[in-house]
Amino acid sequence: MASPNVTLRLTGSLREHLAECTGLHGAYETPSEYLRDLIRRDMEHKETQKWERVRTALAEGLATPDSHYKKLSSDDIKRKARERHGLDK
């Protein structure tokens, strides 16, 4: 499947920065190559942020004293899940 073209208009300092990053003296050969790399890095950053939220939640849970937890049986857990999803009969 062919991807659609994207038009991007840059002026001023954004255009100058793009020119510095591309071409003969830049780290990227073309503006397209540079923009693809920026998008990939942004996607990786967002994925990293998701995992950081998971790690933080796990760390908080592991740091919570056992006295703050309530013991539940498997039947209690199933009942609460059914109630939460409106499946209790």
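Asp 76 and Arg 79 lie three residues apart in helix H3 (residues 74–84), so about one helical turn separates them. Helices here are DSSP runs of H or I with at least four residues, numbered from the N terminus. The side chains of Arg 79 and Asp 76 form a salt bridge (3.7 Å, N to O). A salt bridge means a side-chain nitrogen of Lys or Arg within 4 Å of a carboxyl oxygen of Asp or Glu. Salt bridges with shared partners link Asp 76, Arg 79 and Glu 83 into one network.

This is a predicted model: local features need pLDDT of at least 70, side-chain atom pairs count only at pLDDT 80 or more, and totals for chains, interfaces and linings use all residues. Residues are numbered from 1 along each chain as its sequence is written, and side-chain values use heavy atoms, leaving out hydrogens and water.

The structure has six salt bridges. Two of them sit in helix H2. Glu 47 pairs with Lys 50 (3.8 Å, N to O). These two are three residues apart in helix H2 (residues 31–63), so about one helical turn lies between them. Arg 55 pairs with Glu 52 (2.7 Å, N to O). That pair is also three residues apart in helix H2, about one helical turn.

Now the accessibility of the partners. Partly exposed means between the limits for buried (under 20% relative accessible area) and exposed (over 50%), with a 1.4 Å probe and protein chains only.

| Residue | Relative accessible area | Class |
|---|---|---|
| Glu 47 | 37% | partly exposed |
| Lys 50 | 43% | partly exposed |
| Glu 52 | 39% | partly exposed |
| Arg 55 | 48% | partly exposed |
| Asp 76 | 25% | partly exposed |
| Arg 79 | 34% | partly exposed |
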